[in-house]
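Subject: Structure for your files

Hello,

Here is the structure I promised to pass on. My notes on it follow below the display.

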Amino acid sequence: MLEPPPPRRLVVVSNRLPLVLTRDADGRLVGRPSGGGLVTALLPVLRDRGGVWIGWPGIVDHDDEVKAALVGAAETAGYRLAPVALSAQDEAGFYFGFSNEVLWPLFHDLQSLCNFDPAYWRSYCDANHKYAQVVVAETAADDFIWVHDYHLLPLASELRRAGVTAPVAFFLHTPFPPLDIYLKLPWRFALLRALLDYDLIGFQTLRDQRNFTQCLRALLREVRLTNRAGMAHLPDGRDVRIGAFPIGIDANAFQRQASSPTVQAAVDAMHAELPNRELILGVDRLDYTKGIPLRLEAFRTTLRRHPELQKRITLIQVVVPSRDDIPEYRDLKTRIEQLVGEINGEFTRPGGRWVPIHYIYRALDRLDLIAYYRAARIALVTPLKDGMNLVAKEFCACSVDEDGVLILSEFAGAAAQLQHGALLVNPYDLEGTADAIYRACNMPQSERQARMRVLRRAVSRQDVFRWVNSFLEAAIASDLDAFPLPDDYLPSAEAETAYWQTEFAE
């Protein structure tokens, strides 16, 4: 009887390494693994298979000191870290340029903000070549290479040119734009053909998958799509599998921490500070896709249309600093601060203790963030466009009292999974969003609990571990050879019903 082939080693490639570099008390550079959901989900596989994570450490022209810090961090993490060396010129053209001035706005349907500078494209290709060189040096033919996000769309093409024959899969964490917006991209044919050098291409939602296959049909007529556009047959005889795999969170970890005495004490202190108040929470990275100015305008509309809510509700808006050295982001920060000042100035009365908006501009540590999730009765998650939006899922996981209400943009990828419990809104519709806030404030307790139970079940059932599992199962189905998971990894279940979601009605 033939023995099964040995399991493939997992090689993860992303723009950045899952690493935080800091100076210790002696001034030495030290690295520690970050604790994001993606790292948490991949850790069992990486440790079990002796995996490698490849990416940029976040420091240009990194030296021996950075390499030493990476070695120390890798020993703690339990898997290898392989750095990609990028210059300041690469950072400017590849990261700040093509990735964040072309692909980021385009993929979020904001093509008017794109800067289609041809030099950016050349820098983007050069940087992907540098990533490919590290991947070639770090991998073998029997590895499984999993590439992440829009920074590395052409990486498989670079790897194939370098002679890599190992299976290579890709997951896009952002949305994929519809045809009429994708057509604006001057390099539209090159990027589509580069993506087809992957063996498996994963998207957050069926809508993103449909947008991609629509672009294939319109622009690459030689590609034949079958199985509800889940398989692309190429002229050279290769098949590329295409699927939707909505990413989740480590729901159990959030729930455990939300129930901890430390968080409960922080929540009690918050309620004592703001007694008899309905707390509404917004948590966002500083980015124009998050729709923060429109959210503030909608909150102002609520207070104007429903004056009985004045002194009863308070919006806590947390903005996490991001790219505030870029002019557009500095302007956004200024606009947010102006709106907060205007709204507080309009409704705050002399001598009164009620301030409509509490504005926090800093990153919160995990327990502080969970305390805000737990204390808030309403979450206002209204991006203009989002690949998934994990804030919505984190709020649900932390609502252990099951009395919270989620107001969610219908343009967030999470809307496909959370539509049956959330109040969906169009973030451009100020009065509609204001009406949803009013409805959430006056929602009967029984309806709140019923809706939140639906949301919490969805978030727990479709967590980040099942996301990894479903993606790797799709790799097996793509004839990429068996990829056994660790014995202690979360078992798969009902992949068809759990992951191939029906989008909300259009």
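Lys 290 and Asp 386 form a salt bridge, with the closest N and O atoms 3.1 Å apart. This pair links distant parts of the chain: Lys 290 lies in the loop between β12 (278–285) and α11, and Asp 386 in the loop between β15 (378–381) and α14 (390–398), 96 residues apart. Both Lys 290 and Asp 386 are buried. Please bear in mind that the model is predicted.

Salt bridges

Side chains of opposite charge can pair when their charged atoms come close. A search of the whole structure finds 26 salt bridges. Another of them joins the side chains of Arg 456 and Glu 402, at 3.5 Å from N to O. Here too the pair links distant parts of the chain, since Arg 456 sits in helix α17 (residues 445–461) and Glu 402 in the loop between α14 and β16 (405–409), 54 residues apart. Arg 456 has a relative accessible area of 11% and is therefore buried.

The side chains of Arg 451 and Glu 447 meet at 3.0 Å, N to O. Arg 451 is buried, at 17% relative accessible area, whereas Glu 447 is partly exposed, at 25%. Elsewhere on the list, salt bridges that share partners join Glu 297, Arg 300, Arg 304, Arg 335, Glu 342 and Glu 346 into one network.

Cysteines

How many disulfides does the model have? The count comes to 0. For Cys 114, the closest cysteine sulfur is that of Cys 215, and at 14 Å it is too far for a bond. Cys 441 is in no disulfide either, as the nearest cysteine sulfur, in Cys 396, is 17 Å away. Both residues are covered by the under-20% cut-off for burial: Cys 114 is buried at 15% relative accessibility, and Cys 441 is buried at 5%.

Two single positions

Thr 301 is placed in helix α11 (residues 292–305). Is Thr 301 buried or exposed? Its relative accessible area is 15%, so Thr 301 is buried. Apart from neighbours within four places in sequence, Thr 301 is in contact with Leu 430, Glu 431 and Ala 434.

Val 12 belongs to strand β1 (residues 10–16). With a relative accessibility of 0%, Val 12 counts as buried. Once neighbours within four places in sequence are set aside, the contacts of Val 12 are Leu 42, Leu 46, Val 52, Trp 53, Ile 54, Trp 146 and His 148. Val 12 and Arg 456, the residue of the salt bridge with Glu 402, are 444 residues apart in sequence and 30 Å apart in space, C-alpha to C-alpha.

The protein overall

The protein has 19 helices and 17 strands. For 506 residues, a compact globule would have a radius of gyration near 23 Å, and the protein agrees with this at 23 Å. Its C-alpha atoms fill a box of roughly 75 × 60 × 55 Å along the principal axes. Of the 506 residues, 56% are buried. Among contacts with a separation of 6 or more, 77% are between residues 24 or more positions apart. The accessible surface of the protein is about 20,900 Å², and carbon and sulfur atoms account for 51% of that surface.

Confidence

The average pLDDT of the protein is 89, and 92% of the residues score at least 70.

Regards

Notes. Residues numbered from 1 in each chain as written. Predicted model: local features only at pLDDT ≥ 70, side-chain atom pairs only at ≥ 80, totals over all residues. Heavy atoms only, no water. Helix = DSSP H or I, 4+ residues; strand = E, 2+ residues; numbered from the N terminus. Buried < 20%, exposed > 50% of the residue type's maximum accessible area, 1.4 Å probe, protein only. Contact = heavy atoms within 4.5 Å. pLDDT = per-residue confidence, 0-100. Disulfide = S-S within 2.5 Å. Rg over C-alpha atoms; globule rule 2.2 N^0.38 Å. Areas by Shrake-Rupley, 256 points an atom, 1.4 Å probe, with all protein chains shown as cover. Salt bridge = Lys/Arg side-chain N within 4 Å of Asp/Glu carboxyl O.
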